[in-house]
Amino acid sequence: MSFAKIYSRSVLGLNAPLIEVEVHVSQGLPALTIVGLPEAAVRESKDRVRSAIINSGFQFPNKRLTINLAPADLPKDGSRLDLAIALGILVASGQIPEQRLAEYEFIGELALDGQLRGVSGILSIAHACKTSQRQLILPLDNADAAACIQQLQVLPASHLKQVCQYLLGEVQITAHHYHVEPTSLAQLPDLADVKGQLKARRALEIAAAGGHSLLFTGPPGTGKTLLASRLPSILPPLNDNESLDVASIYSIANQQHHFGVRPFRAPHHTASAVALVGGGSHPKPGEITLAHLGVLFLDELPEFDRKVLEVLRQPLESKEVVISRASRQICFPANFQLIAAMNPCPCGYAFHQDSRCQCSADAIKRYKNRISGPLLDRIDLHIEVPPLSAQELQQQQAGESSASVRERVLAAHQQQMQRQGYLNAALTPQHLDRVIQLDATSQNILAIAQQKLQLSARAYHRILRVARTIADLASSEQITTMHVTEALSYRPQH
């Protein structure tokens, strides 16, 4: 046998396209050629594979080897093809039989001594392997993550020799089973830690119930960051499919994540646009994708570069980000909930009761103008977080816990799912007309507010969505004047 075909996978965004590793051994001067758009890490695999084969007790063919990675027009990167290339060489040179190879897919990086090392993107690979109805042979380090995919036969190995012995029928590899328990929401920071700030807590609950974006404005030390960090604890837990989607993103990014918990990302204000939306020569997910189905918290919002903030405008509407390169176009999900915080002026103490602020009106205006109007228009809830008095800070009674707030949020979520199948923040203008029927008084209030506040059509629709969420929290099918006026109180008055 001078030809072999081994199945493996590459990673492209969140997808894992099938790679057919074709190996041909022919007469000629000893050489090893890899074709099929291999990038640096793949081209270097020939040196790792040669040492691994020799150190595993096999012979490296002293002939001409041609390795084709099909499809040839798909760029291949990373070291995850090492195991498939090594097995292809051993099969093509007749040292391992080719029987049953079509039943397996092989993933893994090889050390020089033949040990198998873990690779990134294993959840996407495992999901694609399950779809193809093959068994997956992979490094032991990746076994737990891959076994999260139900009904997939995961066969972990620690060494190239062990895989070869399994294919020769000399040893058995037991299928790996693993069930990861979701992290308990009780382990998250609790909303009971927040003292006072009843209106800000109310706004946070509305944001959680409807999936709305939220902006906190207030002096330093009033609890803006504390409130934002408690949002994941009042959101419903992720279901199994959502947990796997989030885990797949973190697997691609090669980062750790607590399974079953909604992500909370808080990038520093020096982050670049690429760090926020993703990119690079091999596009990787950015912060907005790492916050998928969770929370993206931008503290000190005006300190971010204005061009960086502008890249959020399109993902906030489309819930995805498309990264285009000359050779590929990759779409990452970005269904995140935006929570932001800012000071009222450069020093932070404008309108403070002790009048310590020395910022001029022009300085305050320049500071606020760092955030564009279109971005502010896309934020549903604007709330001021005032300083706390000594009496409020000294009170011993704890605030309402995250568990009790989460019960109301979950009930509101269920109402929205039964009514329209998604959260109120995603209601389109056409669907708003179906789920919202306003009485004459509410219509007049909105008409006056639109004229006084100079509301755009987008802001008008966002007020209706917030009012719908407030009504859902009150278990009311009909939106009343009280719901509309509360929703209007969360729009900026300037």
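Trainee: What makes β8 and β9 count as paired strands, and how many bridges join them?

Mentor: Good place to start! In this predicted model, four bridges join β8 (residues 135-139) to β9, and the two run parallel. Pairing asks for at least two bridges, so β8 and β9 qualify as a pair. One such link has Pro139 with Ala157 of β9 as its bridge partner.

Trainee: Why are β5 and β9 said to stand at the edges of their sheet?

Mentor: The sheet is open, with three strands in the order β5-β8-β9 and parallel pairing. β5 (104-106) and β9 (154-157) each have a single partner strand, so one side of each is left without a neighbour in the sheet. On average, neighbouring strands here are turned by 25° against each other, direction ignored.

Trainee: Which helix lies across β5 and β8?

Mentor: That is α4, residues 122-131, and its course is at about 160° to β8.

Trainee: Now to Ser233. Why is Ser233 called buried?

Mentor: Its relative accessible area is 1%. You will find Ser233 in helix α9, residues 231-234.

Trainee: How do you know that the side chain of Ser233 makes a polar contact with Pro189?

Mentor: The side chain of Ser233 reaches the backbone oxygen of Pro189 at 3.2 Å.

Trainee: Which residues is Ser233 in contact with, leaving aside neighbours within four places in sequence?

Mentor: Ser233 touches Leu188, Pro189, Leu191, Ser402 and Arg406.

Technical notes: Residues numbered from 1 in each chain as written. Predicted model: local features only at pLDDT ≥ 70, side-chain atom pairs only at ≥ 80, totals over all residues. Heavy atoms only, no water. Buried < 20%, exposed > 50% of the residue type's maximum accessible area, 1.4 Å probe, protein only. Polar contact = N/O pair within 3.5 Å; in protein donor to acceptor, adjacent residues only side chain to side chain. Contact = heavy atoms within 4.5 Å. Axes fitted to C-alpha atoms, helices over the stretch in contact; angles between N-to-C directions.
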